[in-house]
Amino acid sequence: MDIKILVNKEHSLEKDFAPENLIITDNNESNFHKYIDSSVKPMISSEIYPYFKKMQEDALKENIHIIVDSGYRSYEYQEKVYEALVKKIGNESAIKKVALPGCSEHQTGLAIDIAYIRNNVYTDDVGEDDLETKWLFNNAYKYGFILRYPKGKENITGFMFEPWHYRYVGDIAKIIYEENLTLEEYYEKYV
Ligand SMILES: [Zn+2]
């Protein structure tokens, strides 16, 4: 798989697309999947696992305890996520918040939703002013990750600002960070 792969509302994945090697990252019981299917653990592609682990370890040295809330999601799983949200908030609102099956980059195994632990309390209620969020915003690119749905770029990404959603893209993360681009803008400019 091309780690720079662009997945969005215009560029969707096939139903049977799945990354080859997935690794359970964090064996936390409080992860996002408990809402939909508690047997699912947070997994990411083995290709990006070392970079995530290094980022997590370095953050911890500064007392920033980040943990994967949600990583890989299959097409079928994304259907469940989407349907659950539609039930809760209706179709019109759901479409802005959660990707339709095939349009979620969580299906690549290269995307992670971050949660964190502070004073032994696990939280997935991630805000833009949180210490953890700020640390990630300023450091994630060093490990090949980008903030995928930034504030002020909603019309380009098609998603609302998500301070918790990071995506591994490898070397190009530095350019994207320094030039304040989205992955869509990177493609338009450089690919
Ligand atoms: Zn996400």
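Predicted model: local features only at pLDDT ≥ 70, side-chain atom pairs only at ≥ 80, totals over all residues.
I started with the charged pairs. Side chains of opposite charge can pair when their charged atoms come close. I took a side-chain nitrogen of Lys or Arg within 4 Å of a carboxyl oxygen of Asp or Glu as my cut-off. That gave me 13 salt bridges.

**Entry: R73 and D113**
I looked up R73 next, and its side chain meets that of D113 in a salt bridge, with N to O at 3.0 Å. Where do R73 and D113 sit? I found R73 in the loop between β3 (66-70) and α2 (75-89), while D113 belongs to strand β4 (residues 111-118). They are 40 residues apart, so I noted this as a link between distant parts of the chain.

**Entry: R118 and E132**
Here I have another salt bridge, R118 to E132, at 2.7 Å from N to O. R118 lies in strand β4 and E132 in helix α4 (residues 131-139), so the pair ties together parts 14 residues apart in sequence. Are the two partners buried or exposed? I put R118 down as partly exposed because its relative accessibility is 36%. E132 goes down as buried because its value is 3%, and buried means under 20%.

**Entry: E179 and K189**
E179 is in the loop between α6 (173-178) and α7 (183-190), and K189 is in helix α7. I make the separation 10 residues, and the pair links distant parts of the chain. E179 has a relative accessible area of 34%, so I call it partly exposed. K189 is at 51%, so I call it exposed, the cut-off for that being over 50%.

**Entry: a network**
Which residues join up in a network of salt bridges? I wrote down E105, R148, R167 and E184 as linked in one.

**Entry: V81**
Last, I went to V81, which I found in helix α2. Its relative accessible area is 5%, so V81 is buried. What does V81 touch, leaving out residues up to four places away in sequence? I got F32, I36, R73 and V98. So R73 turns up again: V81 touches R73, and R73 is the partner of D113 in the salt bridge I logged above. I also checked V81 against A94: they are 13 residues apart along the chain, and their C-alpha atoms are separated by 10.0 Å.

Notes
Residues numbered from 1 in each chain as written. Heavy atoms only, no water. Helix = DSSP H or I, 4+ residues; strand = E, 2+ residues; numbered from the N terminus. Buried < 20%, exposed > 50% of the residue type's maximum accessible area, 1.4 Å probe, protein only. Contact = heavy atoms within 4.5 Å.
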